[in-house]
Amino acid sequence: RYAADAAREIEGVRGLVASQLHRHRGVRVSGEDGAVTVELHLDVDWGAELPTLGQEVQQRVLDYLERMAGSRPTAVNVVIDAVGPAR
C-alpha cells in the first residue's frame, strides 16, 4: 500500500494497473534471502517523459518505504502498462 501511495504522488501517474492473472493490484512485492523487490504496474499520462517519470517513481517509492516501513527495497521496477489522456 505504501508503494502505491508513493507512486500516485508523482505527476503523470494516472493510477496503478491491476492484473487478474497474478492477483495483484498494481504492486507486487517479492522477497528472497532478505532482499525485497517491488514491481509497480502504472497507467500514465500521454506525453509524459517515461524515463524521468520512472526514475521519479523509483526514488519516491524507495524513500517512502524507508521512512514509513523502516526498510529499503533492493529494487523498484516500474512497468508502464497503459497510457491515457492527461487528467
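Modeller: Let's begin with R8, which is partly exposed at a relative accessible area of 45%. Buried here means under 20% relative accessible area and exposed means over 50%, with partly exposed in between (1.4 Å probe, protein chains only). Before going on: this is a predicted model, where local features need pLDDT of at least 70, side-chain atom pairs count only at pLDDT 80 or more, and totals for chains, interfaces and linings use all residues. Residues are numbered from 1 along each chain as its sequence is written, and side-chain values use heavy atoms, leaving out hydrogens and water.

What does R8 pair with? Its salt-bridge partner is D5, with the closest N and O atoms 3.4 Å apart. For that label, a side-chain nitrogen of Lys or Arg has to be within 4 Å of a carboxyl oxygen of Asp or Glu. D5 is partly exposed too, at 28% relative accessibility. Helices (H or I, at least four residues) and strands (E, at least two) are DSSP runs, numbered from the N terminus. In an α-helix there are 3.6 residues a turn, so residues three or four places apart point the same way.

The structure holds 6 salt bridges, so let's visit a few others. R28 and E39 meet through their side chains at 3.6 Å, N to O. R28 sits in strand 2 (residues 27–32) and E39 in strand 3, so this pair ties together parts that are 11 residues apart in sequence. R28 is partly exposed at 28%, and E39 falls in that class at 22%. Then there is R72, whose side chain forms a salt bridge with D63, again 3.6 Å from N to O. R72 is partly exposed at 40%, as is D63 at 33%. Salt bridges link D63, E66 and R72 in a network.

That takes us to helix 2. It has 20 residues and runs 27 Å from its first C-alpha to its last, close to the 28 Å expected at 1.5 Å a residue; the expected span is 1.5 Å times one less than the number of residues. Its buried residues are L53, G54, V57, V61, L62, Y64 and L65. Their cover includes helix 1, strand 1, strand 3 and strand 4. Just past the end of helix 2, G70 has a positive phi of about 75°.

The largest nonpolar core has 19 residues, and L40, L42, V57 and V61 touch the most other members. Such a core is a set of buried Ala, Val, Leu, Ile, Met, Phe, Trp, Tyr and Cys residues joined through side-chain atoms within 4.5 Å. Helix 1 (2–8), strand 1 (13–16), strand 3 (35–45) and helix 2 (50–69) each give at least two residues to this core, and helix 2 provides the largest share, 6 residues.

Contact means heavy atoms within 4.5 Å. Leaving out residues up to four places away in sequence, L42 touches a list that includes A7, L53, V57 and I80. D43 also lies in strand 3, and D43 counts as buried at 16% relative accessibility. V44, another strand 3 residue, is buried at 0%. Beyond its neighbours within four places in sequence, the contacts of V44 include L50, L53 and I80.

I80 belongs to strand 4 (residues 75–84) and is partly exposed at 30%. Together with W46, L50 and V83, I80 makes a nonpolar surface patch of about 410 Å².

D33 is in the loop between strand 2 and strand 3, exposed at 79%.

Methods
Patch = residues over 30% accessible without salt bridge, like charges linked within 9 Å, V, L, I, M, F, W, Y side chains within 5 Å. Areas by Shrake-Rupley, 256 points an atom, 1.4 Å probe, with all protein chains shown as cover.
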